[in-house]
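Please review the briefing below alongside the sequence and the coordinates.

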Amino acid sequence: MSRPLALLAVLLLVAAGAAAVGLMAGSHALAPAEVLSALSAREPTLARDIVLELRLPRVSAALACGALLALAGVLLQVLLRNPLADPYVLGISGGAGLGVLIAMLSGLGQAVASVAGFGGAFGAALVVFGLGYRAGDWNLYRLLLTGVVLAAGCGALISLLLVLAPQGTVKGMLFWLMGDLSSAPGAGWAWAVALALGGLAVLRAGTLNVLSLGRLKAAALGVPVRAAETAIYFAAALATVSAVMLGGTIGFVGLIVPHLVRLLGVSDLRWLTPLAMLAGAGFLCLADTLARTAWAPLQLPVGVLTALLGVPVMLLLLARRPGSER
Amino acid sequence: MTRLTAERLTLGFPERVLRRDLDLAVGPGDSWAVLGNNGTGKTTLLHVLGGLRPALSGRVLLDGVELPRVAHAARARKIGLLLQEEAAAFWGTLLEYVLLGRYPHRRWMLGADAADEALARAALERVDLAGREARMLSTLSGGERQRARLALILAQDPDVYLLDEPLQHLDLRHQLETLALLRSLAQQHGKAVVMVLHEPARARRFCNRALLLFEDGRSLPGPVDELLGRDVLERLYGCPVEGA
């Protein structure tokens, strides 16, 4: 079996296992059989309520969110040809954070906060795009700098809001900023976005592969570079905004997961894209399960866990003898 | 018959014109050496001929059709362009890299088939990189990577080869083998080859035509035997060229 196929099988198992653990673990631990019977139960039982009402939506949100973040990371690393690119380099997290925090501070409800976050995120993405794409052509350097500068500005405003906010709301704001899936809305739409964008990315992976050679070489090989880059930009923005709507600004997944798959020996984007999405989904689901069980009944923001888990895994992979397996 | 025609090209930047009124007709079987000092617009010329950027004025015709009107993929099936520098690091293997040359020919969005892979392997063989298909591109030496870039274009299998300093980083043996390969592409396979070279002796031996780019913005195309006299070369390079 080829390496990508083997990895696909392994990562499918990991994601499925992570989902299973997510359904079983919690203050009221359930055995696998109990979960299965709860999933198929007709009449309401305690186990059925826990699994279907509480855990399944959260597991589903974590899987979709992880997949979206990994996809955005893959796309932006291709677009910016920068290994340090992550879903938030384009100022989307800052814009979303600002929108959500202003809504929270104004005492508006969850729904309004989501809309405000969406508006802030897409506003930031459009500003960065508009400034980076001046005169009908990209300047990736300007794009990257615009994103970083905008993110810094939003960060400063967010700090200001946190200082000015009354004690009671600060904790909710901090959780949102660190990434938290406890109040994730239903994730059906996010699954649809993830599958649509992921499918599109895999179908167009040949073009993504060629683009990773640089814009000039890609143009010489017949890629309509400008159109392709615009499409990648907005696909990445849509994936990031969707992920942020689910769980706030969860760090680390979008940066680290694509590298993790590369370090496992896959770089062809036909494989890298789905593998990274699977890995991101499984990873975030595991991290979220840990976040709500490790210090129970206290719930941790999952963003803290993604870093705590991701750093050692990444360091371990980096420490392996380079190129030993190929 | 010509494959690639340039008519009254002005090249450069709005604030600094590099070439004026450049005419060129590249036919099948032709092997052109582009000679000139640094900064005379050799790379810019290749980029304009390859459709990567527009000229300030004038036009480029590919098989009789003006370049901007040729679709991206159709252009890439006919013109292969070896860049002087490739900006990005590639994460994959040598074979995966060379297979990207098949991109403009792919019939299905997903990627390469067995025939593409056979072509890529044959291309690697021709540049003396057979047996190294599974190596990561990033672990190859500079000269090996240069030959890999050439193999990518061989796999692309265009009608017109535009090569910006194809010999850079190559040792003497591979320089001569590469030049012989390029000459055979033109003479035996009817391809059109345009390459930037820095040694007139090489141009005489391996090319049948030369395009001289003078510092004053004028350009002179012609057969190598007539063109590359000592006094012309001294005017071209602005220095004594004894034995070159």
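This is a predicted model: local features need pLDDT of at least 70, side-chain atom pairs count only at pLDDT 80 or more; totals for chains, interfaces and linings use all residues.

Residues are numbered from 1 along each chain as its sequence is written, and chains are lettered from A and ligands numbered from 1 in the order in which they are written.

**Helix H12 of chain A**
- Helices (H or I, at least four residues) and strands (E, at least two) are DSSP runs, numbered from the N terminus.
- H12(A), residues 253-263, is mostly covered, with eight of its eleven residues buried; a residue is buried if 20 or more other C-beta atoms, placed from the backbone, lie within 10 Å of its own.
- Among these buried residues are A:Val253, A:Ile256, A:Pro258 and A:Leu260.
- Their cover includes helices H3 (46-80), H13 (269-293) and H14 (302-319) of chain A.
- A:Gly265, which follows H12(A), has a positive phi, near 100°.

**Chain B**
- Chain B contains nine helices and ten strands.
- Its C-alpha trace spans about 50 × 40 × 35 Å along the principal axes.
- Of the 244 residues in chain B, 44% are buried.

**Contact between chains A and B**
- Chain B contributes 25 residues and chain A 23 residues, where two residues are in contact if their C-beta atoms, placed from the backbone, lie within 7 Å.
- Helix H2 (residues 72-78) of chain B supplies four residues, the largest share of the side of chain B that touches chain A.

Note on methods:
A residue is buried if 20 or more other C-beta atoms lie within 10 Å of its own, exposed if 12 or fewer, and partly exposed in between; C-beta atoms are placed from the backbone.
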